[in-house]
Amino acid sequence: MRKAVSTKAVVIIMCICLITPLFPRVTMAADIPSPLVEAHCEGYGWLPAVTNGLTAGTEGKACQLEALKITLNDKNGNSMIQAIGHIANLGWSQGWKNSGEIIGTTGQHLPMEAIKIKLNTPYDQQYDILYRTHISNWGWTDWCRNGEVSGSVGMAIQAEAVQVKLVTKNSVEENQQGSVGSLTKPILTSSAHCSDLGWLSTVGEGEICGTTGRALQLESLIINLKDFSGANGVQYRVHVRDIGTMGWCSSGQAAGTTGRRLSIESIEIKLNQMLANYYDIYYRIHSSNYGWLGWAKNGQPAGTSGGAVPAEAIEIKLVRKTSPAPGGGTAYYDLTINKPSAPMISEEKNDYVQKVATFINDSRWRNGAYYGGSRRPYISSYNGIGCCAYAADFIKYVYSYDSFGRGIAYNNPSEIRTGDVLKVVNSQHWIVVLSRNGDSLRTAEGNWTNGTVCISDTAYKVKNSTLYRNGYRFRTFSVGYHFR
């Protein structure tokens, strides 16, 4: 009987030994090594080391974290980790550091901004390394793991503390909380719908969205900008001819109209609160006849209203609050009250305006001066008479050209813009476009009434690709020349 019991016991023990490898080994908390973290902070130097995911650094004191030492070795003293810091003015240039090595700088007053930590092989098969960063004006980021970026990059925001811990592989022990693991400058893009062209290609931040120098009105606009969490980061609305101010649009939505030939005249753009804590959004409008206006920001209007002056392009920039503004100047004009004067116009525009003013006030070319069919140019060497000679003198005086061929030719009146020279058939009449304001042209032409010069603010208009004089279709448009 005693022998039977002994035999049964041996069988049971053997069965247990055979079954045990089928079950995974349970790793107890006591088996998991704990990283030792030391922080060097502005005004404090090296602080006492902490373990078990406790805070290394400071909170609520606005003291920048400047360096770290993270120590995590196996039982044989081998480094289990590598870590790298993103340092102000240095970026990631210091390279990866092993366990116990200094990450960052001391004595240089350079804040750490972000960190990445990863496990060496084979420890990365058994564990995950978790870490998060406390950054200025934000607080704690979400937990990151295994080489992800924690902190901020490209935003000049100092880190102030970190927490680091080691957990079993794919552990759900630490639920990721908070908002985002890292902050990087959001990507801003925009695209424009322009008359006669439709939707243009998407452009990046600081690039021209729309057209300049082609007299093509901006009709609709899409701005794309997400915040750090991936949510909508921007709102914008436009003022449209014959409609007025339209409703607010969010990232990716089209503001304005298409297919109705209604121009955008002004715009307002603002950031959501998350982005507004760190950035200002600047934007400026290229307006028909006035060129580039000044910069507006953070919801201010840019462009014009009340004068039917189309916007033609926009430029948008996202600027850190600690960085200088892109420029000055007047960004918006209510044309029912005032109009921009020459000094408000861009330098190139202003130079053109001054030359035109001198030209049309000169006794040779002012309103009413004789420039009949026998009059040849005063200063140009071009072989023409009358209205042709007048136009030749204009391009010589303003642009220093002796030939219309120096300009860029076009055949559609919708392309007429400030500074052009036009030719219409039926007696080969030449017209100088002193300026264009929406559909209206300010013109000068020789050999008009009794062979004299006629300068007019109201005689000519362009509608639906047709040139009109005093409300009537004016002869047949032959060719126009751009010189600017």
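A salt bridge is a side-chain nitrogen of Lys or Arg within 4 Å of a carboxyl oxygen of Asp or Glu. Keep that in mind as you look at these close-ups of a predicted model.

**View 1. Lys321 and Asp280 form a salt bridge between their side chains.** Here the N to O distance is 2.7 Å. The two partners come from distant parts of the chain, 41 residues apart: Asp280 belongs to strand S25 (residues 279-287), while Lys321 sits in the loop between strand S29 (311-320) and strand S30 (332-334). Asp280 counts as buried because its relative accessibility is 9%, and Lys321, at 41%, counts as partly exposed.

**View 2. Lys185 and Glu205 meet in a salt bridge.** Their side chains come to 3.3 Å, N to O. Lys185 is in the loop between strand S14 (182-184) and strand S15 (189-194), and Glu205 is in the loop between strand S17 (203-204) and strand S18 (209-210), so this pair ties together parts that are 20 residues apart in sequence. Lys185 is partly exposed, at 34% relative accessibility, and Glu205 is partly exposed too, at 29%.

**View 3. Asp457 and Arg442 pair up through a salt bridge.** The N to O distance between these side chains is 2.7 Å. Asp457 lies in strand S35 (residues 454-463) and Arg442 in strand S34 (residues 440-445), which places the partners 15 residues apart in distant parts of the chain. With 30% relative accessibility, Arg442 counts as partly exposed.

**View 4. Asp128, Arg145 and Lys169 belong to one network.** Salt bridges that share partners join these three residues. Across the structure, there are twelve salt bridges to look for.

Notes
Residues numbered from 1 in each chain as written. Predicted model: local features only at pLDDT ≥ 70, side-chain atom pairs only at ≥ 80, totals over all residues. Heavy atoms only, no water. Helix = DSSP H or I, 4+ residues; strand = E, 2+ residues; numbered from the N terminus. Buried < 20%, exposed > 50% of the residue type's maximum accessible area, 1.4 Å probe, protein only.
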